[in-house]
Amino acid sequence: MRVEELLAAARAGLDRLGPAEAAAVQTAGGLLVDIRYAALRERDGTVPGALVVERNELEWRLDPACEFRAAEATGHDLRVVVFCDEGYASSLAAVSLRLLGLRHATDLDGGFQAWRAAGLPVDH
């Protein structure tokens, strides 16, 4: 299997959200999770209120049953929208969260760049 096939299979099982939909999830109490690495956050800014968890820690920080979970990881019913820079790695990350039982996990189509292009708030 090639990475493009892996990505397509991951996305086939997700109801990916656009920027406005992701913002609505956050407003309704869902969790936006920024998995970009520090250099990208420093360069482009951050989404206000998003939980920053770099990709290598994601499963440990979001699994509600893990002793290393973030305080925001309150349960398996939590609406979680993962985003990376352009929306590729976040699709694979969302599938990984679903495998942990976070059945409402998905990702932001187009990532942080789509969020910013939509004119949504960004902290610098």
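This report covers a helix pair, ring interactions and one loop glycine in a predicted model.

## Packing of α1 and α5

Helix α1, residues 3-12, packs with helix α5, residues 89-99, at an angle of about 55°. The axes of the two helices are 9 Å apart. The crossing in which α1 passes α5 is left-handed.

On the α1 side, the contact is made by Leu6, Leu7, Ala10 and Arg11. The α5 side contributes Ser91, Leu92 and Val95. Sorted by class, the contact of α1 with α5 has five nonpolar residues, one polar residue and one charged residue.

## Ring interactions

How many aromatic pairs does the structure hold? The number of aromatic pairs is zero.

A charge does sit over a ring: Arg36 lies over the face of Phe112. The distance from Arg36 to the ring centre is 4.0 Å.

## Gly110 in its loop

Gly110 belongs to the loop between strand β4 (105-107) and helix α6 (111-117). Which residues does Gly110 contact, leaving aside its neighbours within four places in sequence? They are Arg16, Asp85, Glu86 and Gly87.

Gly110 and Glu67 are 43 residues apart along the chain. Their C-alpha atoms are separated by 32 Å.

Conventions. Residues are numbered from 1 along each chain as its sequence is written. This is a predicted model: local features need pLDDT of at least 70, side-chain atom pairs count only at pLDDT 80 or more; totals for chains, interfaces and linings use all residues. Side-chain values use heavy atoms; hydrogens and water are left out. Axes are lines fitted to C-alpha atoms, for helices over the stretch in contact, and angles run from 0 to 180 degrees between N-to-C directions. Helices (H or I, at least four residues) and strands (E, at least two) are DSSP runs, numbered from the N terminus. A crossing is left-handed if the near helix is turned anticlockwise from the far one by less than a right angle, and right-handed if clockwise. Contact means heavy atoms within 4.5 Å. Ala, Val, Leu, Ile, Met, Phe, Trp, Tyr, Cys and Pro count as nonpolar, Asp, Glu, Lys and Arg as charged, and the others, Gly among them, as polar. Rings of Phe, Tyr and Trp (its six-membered ring) pair if their centres lie within 6.5 Å; planes under 30 degrees apart count as stacked, over 60 as edge-to-face and the rest as tilted. A charge sits over a ring if NZ of Lys or CZ of Arg is within 6 Å of the ring centre and within 35 degrees of the ring normal.
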